[in-house]
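Here are some notes to read beside the model. Please take them in order.

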Amino acid sequence: MKVRVGGILDMSTIDYSGKISSVIFFHGCNFRCPFCYNIALVEGNDYQELETTEVIEKIKKHKNFIDAVTITGGEPTLQIEGLKELCEGLKSMKLLVKLDTNGYRPDVVKKLLDDNLLDFVSVDIKASSDKYNELAGINCDLTRIKHTLEVLRNSEVDYELRTTIVPGANDSEEDIRKVCDFIKPTKAYVLQQFRHEGGTLDKSLSNTPKMERVKLLKLANVAKKQGLKVKIRTEEEGEEIIKECLETF
Ligand code: SF4
């Protein structure tokens, strides 16, 4: 079975929390998030069609140096058969497998979990429900995202939900409170920094400044007050766990 792959990163310390992982970038996506900086993975034809066995062979070369493989995109769940075959090959090598997804294919996530092919799942939550279409760039059926969250809650798998905080788009305290209402209960919620070094799908966002860490901390505090386990991710400090609610900023 072939998969469309936009690239493979041999080793990363930032894509799977606490693990060293290779990263496989699937090509193609069913969303058009205006803030997306993986433009080449979403648009255009800059990909290779590889047999899953070829991908596995590439990963094998680094097997002694990695704990895990992160499968990301684009949107990996669009290539269900290849994704499943790839996960099976990686698990047979005793590697941990993390899936990054936009949560729009709950059936695929469930199938992979039922087959014990995933160790960690990270789901992008684009915004609160009233802004989801705007931040996903398509008309979303939110029941599909909710279904994915139910699948994760009903499984034993470790998972996190994460939102890229985009200045002026989903960065108010009210936005974060509404997202928390949408995702509760959850194991972990991550607020990550909007960045645009390589450009963005919506070119007008390429001039938007990078989200400031202090603003992210403030918004994380809003989520923390909702009783969630919260982290932030920034270029400056990497991953930080928000340990307690701060009364003032
Ligand atoms: S940020 Fe949006 S458009 Fe870009 S790969 Fe993820 S889901 Fe697709």
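1. Which unit do strand 4, helix 3 and strand 5 make? They form a β-α-β unit, and that unit is right-handed. Keep in mind throughout that this is a predicted model. Strand 4 covers residues 68-72, helix 3 covers residues 80-92, and strand 5 covers residues 96-101.

2. From strand 5 it passes through helix 4 (residues 106-114) to strand 6. This β-α-β crossover is right-handed.

3. Look at strand 5 next. It has a partner in strand 4, and the two are parallel, with 4 bridges. Within this pairing, alanine 68 faces leucine 96 of strand 5. Strand 6 (residues 120-124) also runs parallel to strand 5, again joined by 4 bridges. Here lysine 98 has phenylalanine 120 of strand 6 as its bridge partner. Strand 5 is mostly covered, with 5 of its 6 residues buried.

4. Which residues of helix 4 are buried? They are Pro106, Val108, Val109 and Leu112. Because their arc around the axis is only 165°, they sit on the same side of helix 4. Their packing partners are helix 3, strand 5, strand 6 and helix 6 (142-153).

5. Follow the chain out of helix 4. Asparagine 116 comes after this helix and lies in the loop that leads from helix 4 to strand 6. Its phi is positive, near 55°, in a residue other than glycine. Is asparagine 116 buried or exposed? It is exposed, because 12 other C-beta atoms lie within 10 Å, and a residue with 12 or fewer counts as exposed.

6. Lysine 94 counts as exposed because it has 8 C-beta neighbours inside 10 Å.

7. Now turn to helix 2 (residues 52-60). Its buried residues include Thr52, Val55, Ile56 and Ile59. They share the same side of helix 2, because they cover an arc of only 100° around the axis. Thr53 and Glu57 are exposed on the other side of helix 2. What covers the buried residues of helix 2? The cover includes strand 1 (2-12), strand 2 (21-26) and strand 3 (48-51). Strand 4 and helix 3 are also among the covering elements.

8. Glycine 73 and glycine 74 are joined by a cis peptide bond, with omega about 10°. Glycine 74 is in the loop between strand 4 and helix 3. A cis peptide bond also leads from lysine 184 to proline 185, where omega is near -10°. Proline 185 belongs to the loop between helix 7 (173-183) and strand 8 (189-193).

9. Last, the ligand. How many residues are around the ligand, and which come nearest? There are 13 residues around it, and Cys29, Phe31, Cys33, Cys36 and Asn102 come nearest. By type, the shell around the ligand has 6 nonpolar, 4 polar and 3 charged residues.

Key
Residues numbered from 1 in each chain as written. Predicted model: local features only at pLDDT ≥ 70, side-chain atom pairs only at ≥ 80, totals over all residues. Near = placed C-beta within 6 Å. Nonpolar A, V, L, I, M, F, W, Y, C, P; charged D, E, K, R; others polar. Buried ≥ 20, exposed ≤ 12 C-beta atoms within 10 Å, placed from the backbone. Pairing = 2+ DSSP bridges. Right-handed = clockwise from strand over helix to strand, strands pointing away. Arc of directions from axis to C-beta. Contact = placed C-beta atoms within 7 Å.
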